[in-house]
Amino acid sequence: MTTTIAPAATRIGHVHLRVADLDRAIAFYGELLGFELMQRYGAGAAFLSAGGYHHHIGLNTWESLGAVPPPPGHTGLFHTAILYPDRKSLAQALQRVIAAGVEIEGAADHGVSEAIYFRDPDGNGVEIYRDRAEADWPRDAGGGLSMRNARLDLEALLAEA
């Protein structure tokens, strides 16, 4: 088997989620996480973005209108990770999520990033995070990454909102 390496500039461009209630999902990703509605595609789909891009998040009810989340222990998307540009933006997003009563399932300082985990109204996992500057990433004696799963101080983060 030949090993193929994706170019360094390769990125994941967008996520497209099946949701049970389109308006509820638009409110969650729009009002709480700050994405702008770019287009509705009939009554069954919508596309949201940050910064005017055509879309970072696609939402549809084509096969899921009124559906329930899959039960635990099944395959599927673990979470969508949304990268905020700085700590203040992350803190502001977290503040909106908490104010909306969304249950925080976890938070971690990974050394390379700070991350908060919760679920959207359809049970999809969501991570909001910010990266540290690469020069600040923890390294082992050999220069390799030394990521961790330490406690993230949410109160200190929220103080920066």
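Buried means under 20% relative accessible area, exposed means over 50%, and partly exposed lies in between (1.4 Å probe, protein chains only). Keep that in mind for the tour.

This is a predicted model, where local features need pLDDT of at least 70, side-chain atom pairs count only at pLDDT 80 or more, and totals for chains, interfaces and linings use all residues. Residues are numbered from 1 along each chain as its sequence is written, and side-chain values use heavy atoms, leaving out hydrogens and water.

**Stop 1: the sheet.** Select the 5 strands of the open, mixed sheet, ordered β5-β8-β7-β6-β9. Strands (E, at least two residues) and helices (H or I, at least four) are DSSP runs, numbered from the N terminus; two strands pair if DSSP finds at least two bridges between them. β5 (80-84) and β9 (150-151) are at the edges with a single partner strand each, so one side of each has no neighbour in the sheet.

**Stop 2: β5 and β8.** Now pick residues 125-131, strand β8, which runs parallel to β5 and is joined to it by 5 bridges. Look for Ala-81, opposite Glu-127 in β8.

**Stop 3: salt bridges.** Here a side-chain nitrogen of Lys or Arg is within 4 Å of a carboxyl oxygen of Asp or Glu. Select Arg-132 and Asp-109: their closest N and O atoms are 2.8 Å apart. Arg-132 is in the loop between β8 and β9, while Asp-109 is in strand β6, 23 residues apart. Asp-109 counts as buried, at 11% relative accessibility.

**Stop 4: Arg-139.** Its side chain meets Glu-134 in a salt bridge (3.9 Å, N to O). Arg-139, at 40% relative accessibility, counts as partly exposed, whereas Glu-134 is exposed at 51%.
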